[in-house]
Amino acid sequence: MSVLALGAVALAGCTVTNNYNGTAASASDNPPSAVGVDAPAERLPTDVRRTTLIVRSIENSLKLYRDVLGLEINYDTTVTTSGVALPAGEPGATARLVLLNANDAWVGWIGLMEWVDPAIPADEYPKRMGPGDVVIILNTDDVEGRCEAAMAVPGVTFTAEARLQVYPGRDGGPDIRVMGCNFFDPDGILIELNQILE
């Protein structure tokens with residue numbers, strides 16, 4: 001089963017051994033919108049900041065998330081973990097944490113975390129999904145080209161190549177037309193890579 005931590009959970013109970021030199025960002029003033037989804041009249045109390053994936057090999061995962069999907073690294077460090085707040089690895093173990101952002105400086109990030117000393121034994125890659133598993137849905141600019149490039153990443157397993165999908169519109173609105181492919185990433189996390197069509 002894939003292990004997933006949301007938001008800042010990956011840093012809870014960790015000691016950072018080198019510091020991020022960036023400045024705090026605020027949520028975008030003009031976030032993307034979807035037909036039939038209005039911005040809240042008042043700001044909601046929670047942002048979905050980041051999804052952190054515990055991976056076998058950050059370098060291999062970067063071949064997908066950085067090189068194919070085009071996310072940008074904004075943080076790369078080694079942390080000492082407690083094994084308690086984030087219940088993984090042994091107390092005092094070290095892990096590498098890499099954070100990648102897409103177009104927003106505050107939300108929608110992907111984190112990659114690899115235990116390096118000692119490593120965490122990995123289960124077999126999943127073939128089917130069930131309760132507790134996760135689907136990450138990403139929107140991109142050239143879904144057919146990026147889906148094709150993803151096929152070349154070691155460990156990526158496709159469940160569906162790029163094809164047109166049509167969903168009913170919200171509240172009687174026009175159909176939502178999406179080109180997309182689906183695949184397990186190198187650690188068995190299912191990715192749905194989409195391009196929303198006009």
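**Entry 1: ground rules**

Two strands pair if DSSP finds at least two bridges between them. I also noted that helices (H or I, at least four residues) and strands (E, at least two) are DSSP runs, numbered from the N terminus. The model is predicted, so I kept its limits in mind: local features need pLDDT of at least 70, side-chain atom pairs count only at pLDDT 80 or more, and totals for chains, interfaces and linings use all residues. Residues are numbered from 1 along each chain as its sequence is written, and side-chain values use heavy atoms, with hydrogens and water left out.

**Entry 2: the whole chain**

I started with the elements and found two helices and ten strands in the protein chain. Read from the N terminus, they go β-β-β-α-β-β-β-β-α-β-β-β.

Next I looked up burial, where buried means under 20% relative accessible area, exposed over 50%, and partly exposed in between (1.4 Å probe, protein chains only). Of the 198 residues in the protein chain, 35% are buried. The chain exposes about 11600 Å², and carbon and sulfur atoms supply 53% of that. Those areas come from the Shrake-Rupley method with a 1.4 Å probe; for residues, only the protein chains shown count as cover.

Then I checked contacts, meaning heavy atoms within 4.5 Å. Among contacts with a separation of 6 or more, 66% are between residues 24 or more positions apart.

**Entry 3: strand S5 and its partners**

I went to strand S5 (residues 94–101) and found seven of its eight residues buried, so I wrote it down as mostly covered. S5 pairs with strand S4 (residues 72–81) in the antiparallel sense, over eight bridges. In that pairing I picked out Asp76, which stands opposite Val98 in S5. S5 also pairs with strand S6 (residues 109–117), again antiparallel, over seven bridges. Which residue in S6 is the bridge partner of Leu100? I found Ile110.

**Entry 4: the four-stranded sheet**

I traced an open sheet of four strands in the order S7-S10-S9-S8, with mixed pairing. Strand S7 (135–139) and strand S8 (157–167) are at the edges with a single partner strand each, so one side of each has no neighbour in the sheet. On average, neighbouring strands here are turned by 20° against each other, direction ignored. For angles like this, axes are lines fitted to C-alpha atoms (for helices, over the stretch in contact), and angles run from 0 to 180 degrees between N-to-C directions.

S8 and S9 pair in the antiparallel sense over eight bridges. One spot I marked is Phe158, standing opposite Phe183 in S9. I also saw helix H2 lying across S8, S9 and strand S10 (190–196), and it runs at about 5° to S9.

**Entry 5: the disulfide**

How many disulfides does a search of the whole structure find? I got one. A disulfide is a pair of cysteine sulfur atoms within 2.5 Å. Cys147 and Cys181 form this one, with their sulfur atoms 1.9 Å apart. The angle about the S-S bond is -90°, which makes the link left-handed. Cys147 sits in helix H2 (residues 143–150) and Cys181 in strand S9 (residues 176–184), so the pair ties together parts 34 residues apart in sequence. I checked burial too: both Cys147 and Cys181 are buried.

**Entry 6: helix H1 and Ser61**

H1 is mostly covered, with six of its eight residues buried. My list of the buried ones reads Ile58, Asn60, Ser61, Leu62, Leu64 and Tyr65. An α-helix has 3.6 residues a turn, so residues three or four places apart point the same way.

I zoomed in on Ser61, which is in H1 (residues 58–65). Is Ser61 buried or exposed? Its relative accessibility is 0%, so Ser61 counts as buried. Leaving out residues up to four places away in sequence, Ser61 touches Val55, Leu112 and Asp187. With Asp187 there is a side-chain polar contact of 3.4 Å. A polar contact is a pair of N or O atoms within 3.5 Å; within protein, one must be able to donate a hydrogen and the other to accept it, and residues adjacent in sequence count only if both atoms are side-chain atoms. I also looked up Asp185: its C-alpha atom is 7.7 Å from that of Ser61, although they are 124 residues apart along the chain.

**Entry 7: Pro154**

My last stop was Pro154, in the loop between H2 and S8. Pro154 is partly exposed, with a relative accessible area of 42%. Not counting residues up to four places away in sequence, Pro154 touches Asn60, Lys63 and Pro186. Asp185 came up again here: Pro154 and Asp185 are 31 residues apart in sequence and 9.0 Å apart in space, C-alpha to C-alpha.
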